[in-house]
Amino acid sequence: MIRNARVLAASLGASLSLVVVGACTDQAGHDSKANRPDFTTGTVIGGTPKKGGTLTVLSNQDFAHLDPARNWVMPTMDFGTRLLYRTLTTFKAEPGAKGSEIVPDLATDLGRPSDGGRTWTFTLKPGLKYEDGTPIKARDIKYNVERSFAPDLAGGPDYAQQYLADVEGYAGPLQGKHLDSIRTPDDRTIVFSLRRPVAEFSYTVTLPTFSPVPQSQEKGVQYDLRPFSSGPYKIDSYARGKKLVLVRNPHWDPGTDPVRKAYPDRIVVVQGLKGGQIDDRIIASQGADASAVEWSDMQPSSISKVLTRPEIKKRLSAERTGCTDMLALNTSRPPFDNLKLRQAMQYAVDKQAQVTANGGPALNDVATGYLPPALTGNQVADPVYGTSDTGDVDRAKKLLAEGGKPAGFSATITVSTGDKTRAEALQQSLSRIDVRLKIQTVDPSVYYDTIGDTKNAPDMVISGWCPDYPSGSTFLPFVFDGRTIKEKGNQGNVSQFRDEAVQKRMDEIAEMSDAASANQAWIDLDPVIQRKSPAVPLLWERKPLLVGDNIAGAFGHAAWTGQFDFAVIGLKDPAKSRD
């Protein structure tokens, strides 16, 4: 999944036990770990909530997409799948490594594989209903999976396109065409036929693509404004960029749902606020703000206000995200269709300056590879391009000369408004080798749609990728497989990197039946791709989020990149809340 875009700012679990989830374990690092404060991770802030009241979410941005076919950006994906729609399976609502384990959600079990893992069958629980009391049917899940193929509904997870058999040329159900590789023999049974064995398909169906949308509710791109609820809440009102109000879905049956507790009576998301304003309000924790949580990361400028005050710091969640932040280089055109110039960027970037611009060493480690430590057994990759976190100007200049640009060149970078300070740090470090960087900022709610327009993409973007579950198959293929590139809604491979040898190796790894061997093969492929330099790995981050002092049940979830788990968050005293 894509990491969330920022605004103004300076687990396969037991079945893949070789993978260590990074949220609760230490990782080796470099200079940026010096003098790092201790964070208590894997704990719940505020104890167990009481039922009732209004939970307020203070946000600096609108949702990218609430349509489950298009929802692949955190924290919107967490918000949607925990509150508005259910999926065939889902992650446990527990802190730490337990949160990377999955349980049945709409389905009765974790799925039944057959044909060597090429066919997966799920049975829906009886009595499941939508917000209007009508039954949830297997064909509704099929329909939403089919919707994810529609060009007009781009931006969501690509797993169905990659895994399902016989989907070549399919463009969604909006013109009345349907997939034969998904069968619904009755209202409670859905059968997926895959093009190859997928041992981890039980994890794949945690994604919002595998939630139900009845065809009768289809509204095309307008479905974003009012998804039809199968979860514990439904939309009462939504003014884009201003406010979303959720109220209880009276037809959600907690007896069928092992995960969602639905403590608040109402959830109000207030949008369009400034990041520093949000931090200050929650630090003060007055009135309704005492019952509020942050949507996006705490601002770097607020860190000193929190870490030096124990009574505030205890309301801070700072779990590791499990993501890798990268500087993606547009390889589809000059200057970065030139390997030497791309490699020069690896030496030119001052990663310590990125640490500083992103909140300092308390919340960031320098990334030395594409795969985050959560996917490498918590082992940090050896740097491919030297050990200096501040760069190597002389080697960068040498590569520029070898690439035919000894006097440097001009380039463009597009960033979310919250990453402007980081872009300026890049601008300064690249100026050391006479690369002149022009910065364009974009509102975070449309950031990934903007950089996903491949014909108009800039030379560089700051982007990030987070595994949808702890497997290298959810990372490298989505970021560096040229066959995933789309003209519009190009969410993963924003470098537009195409390499036949890399793609061939990815296919070979995907065919491996042994999870340990496949995991090691993904780890080994990482430095191979790095040498081709489609992107510069920048940071492995923590996710700093504050809560008001009336919040209970808050913790950063391992599967949701350290975002609060909205399935179980609530209030200490509902009577104190108001909106």
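A disulfide is a pair of cysteine sulfur atoms within 2.5 Å. Welcome to this predicted model, which holds one such disulfide. Below you will also meet its largest nonpolar core, with 62 residues, and a pair of helices, H14 and H15, that are roughly antiparallel to each other.

**The disulfide**
- Cys323 and Cys466 are the partners, with their sulfur atoms 2.1 Å apart.
- The torsion about their S-S bond is about 100°, so this disulfide is right-handed.
- Cys323 sits in the loop between strand E12 (316-320) and strand E13 (324-329), while Cys466 sits in the loop between strand E17 (460-465) and H13, so the bond ties together parts that are 143 residues apart in sequence.
- Cys323 counts as buried at 6% relative accessibility, and Cys466 counts as buried at 1%.

**The nonpolar cores**
- In the largest core, the residues with the most contacts inside it are Leu164, Phe192, Phe201, Leu476 and Phe480.
- Several elements each supply at least two residues of this core, including strand E5 (119-123), helix H2 (138-147), helix H13 (476-480), H14 and H15.
- H15 gives the most to this core, with five residues.
- Beyond its neighbours within four places in sequence, Phe201 is in contact with Trp120, Phe122, Tyr163, Phe192, Leu194 and Phe210.
- A second, separate core has 30 residues, among them Ala344, Tyr347, Val349 and Ile413.

**The helix pair**
- The axes of H14 (residues 500-510) and H15 (residues 515-532) come within 10 Å and cross at roughly 175°.
- From H14, Val502, Arg505, Met506 and Ile509 meet residues of H15, including Trp522, Leu525 and Lys532.
- The residues of this contact divide into eight nonpolar, no polar and two charged.

How values were computed: Residues are numbered from 1 along each chain as its sequence is written. This is a predicted model: local features need pLDDT of at least 70, side-chain atom pairs count only at pLDDT 80 or more; totals for chains, interfaces and linings use all residues. Side-chain values use heavy atoms; hydrogens and water are left out. Axes are lines fitted to C-alpha atoms, for helices over the stretch in contact, and angles run from 0 to 180 degrees between N-to-C directions. Helices (H or I, at least four residues) and strands (E, at least two) are DSSP runs, numbered from the N terminus. Angles under 35 degrees count as roughly parallel, over 145 as roughly antiparallel, 65 to 115 as roughly perpendicular and the rest as oblique. Contact means heavy atoms within 4.5 Å. Ala, Val, Leu, Ile, Met, Phe, Trp, Tyr, Cys and Pro count as nonpolar, Asp, Glu, Lys and Arg as charged, and the others, Gly among them, as polar. A nonpolar core is a set of buried Ala, Val, Leu, Ile, Met, Phe, Trp, Tyr and Cys residues joined through side-chain atoms within 4.5 Å. Buried means under 20% relative accessible area, exposed over 50%, partly exposed in between (1.4 Å probe, protein chains only).
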